[in-house]
Amino acid sequence: PFLICFMSLFFVSFRELLLSVALGQVLSLLICGIGLTSKYLSEDFHANTPVFQSFLNYILLFLVYTTTLAVRQGEENLLAILKRRWWKYMILGIVDIEANYLVVKAYQYTTLTSVQLLDCFVIPVVILLSWFFLLVRYKAVHFIGIVVCILGMGCMAGADVLVGRQQGAGENKLIGDLLVLGGATLYGISNVCEEYIVRNLSRVEFLGMIGLFCSFFSGIQLAIMEHKELLKVPWDWQIGLLYVGFSACMFGLYSFMPVVIKKTSATAVNLSLLTADLYTLFCGLFLFHYKFSGLYLLSFFTILVGLVLYSSTSTYVAQDPRVYKQFRNPSGPVVDLPTTGQLEPSVTYTSLGQEAEEEPHVRVA
């Protein structure tokens, strides 16, 4: 019986591990689709419209998720959410827009290799923000997995240099590198906020409010910065199909990412996305006749090993001192907690939705 129990637990854990890694790779494939359609638009049709492309995605989010919030009743209604925390979602929307814009803009100033390497800066940003604001605590195996993933990314960048795939102007490189670091920092902020919201509020609320504020502000940015570029686009059915493909991949990424973040974490998702450039490269071998190097395969499997290591054990949430107040009698004795099983200390905050005068809600799991 002990062996049977052990084997069943092993297979359940192994299945969960594979599921976590597979979900992240679905996101990477969607980013691959985004990269390929963007490359065709910019290089084959000279349609340099990154803000317009993001605007189409935000409009889709608005039509699907914001309208869903609008027809809901009670506290989950759009107006009720806006009344309580509109300014927080407005800031988050601006962060999301500018994160996308800064990284795309960086390609005009620096090389592809620099963008790939510096974009990894999002990982320490997410780890630090998760540590201090979500109270996530990591084990040694998590840090080992992270280091292995970054080594795999470095291997890919080295392969790019060896085969001469350092695309990008490389002029004003410092400006381009700073833009990438700024974009990676904003991505980290956006991902950690997303994790908090989907765990404590809801996925539909996050996507609906992003759709509302991002479509508004990206529309303004589009009118100011890209209206002339749109007039230059040689519109035909092929360009239209590429815009549809880009929007579908982007919408799928935004819709599916909260599901994966809730299942895993913002850190695990960003580690999974390191393989997106490799999927794009493998497609480029056939579509754009890129040169191949064995280091690309080594890089891919190194990143996957790092992902498996990171996902092999769960993180936990540190216990906040305020928790103890919930179980302490003011007159003296401490109330014993139920001991039905071994519990890992964790707290869940819902202060994003609390009024100023309310006591912050804390739950022990």
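Predicted model: local features only at pLDDT ≥ 70, side-chain atom pairs only at ≥ 80, totals over all residues.
**Stop 1: the cavity.** Start by selecting Ser 20, Val 21, Thr 264, Ala 268, Val 269, Ser 272, Leu 307 and Ser 311, which line the largest cavity. Its volume is about 40 Å³. Now colour helix 1 (2-44), helix 11 (266-272) and helix 13 (294-311), each of which gives at least two residues to that lining. Which helix supplies the largest share? Helix 11 does, with three residues. If you colour by residue type, the lining shows four nonpolar residues, four polar and no charged.

Stop 2: The model has four salt bridges, and we will visit some of them. Select Arg 85 and Glu 205, whose side chains form a salt bridge with N and O 2.9 Å apart. Here distant parts of the chain are linked: Arg 85 sits in helix 3 (residues 78-106) and Glu 205 in helix 8 (residues 203-225), 120 residues apart. Buried or exposed, what is Arg 85? Arg 85 is buried, at 2% relative accessible area, and Glu 205 is buried too, at 6%.

**Stop 3: a pair within one helix.** Move to helix 7 (residues 173-200) and pick Arg 199 and Glu 195, which lie four residues apart, so about one helical turn separates them. Their side chains meet in a salt bridge of 3.1 Å, N to O. Arg 199 is partly exposed at 38%, while Glu 195 is buried at 5%.

Stop 4: Finish with Glu 75 and Arg 84, a salt bridge whose closest N and O atoms are 2.7 Å apart. Glu 75 is exposed, with 57% relative accessible area, and Arg 84 is partly exposed at 22%.

Note on methods: Residues numbered from 1 in each chain as written. Heavy atoms only, no water. 1 Å grid on protein atoms, 1.4 Å probe; cavity = no way out; pocket = protein on both sides within 12 Å on 5 of 7 lines; lining within 4 Å. Points joined across faces, edges and corners; volume = space filled by probe spheres on them. Nonpolar A, V, L, I, M, F, W, Y, C, P; charged D, E, K, R; others polar. Buried < 20%, exposed > 50% of the residue type's maximum accessible area, 1.4 Å probe, protein only.
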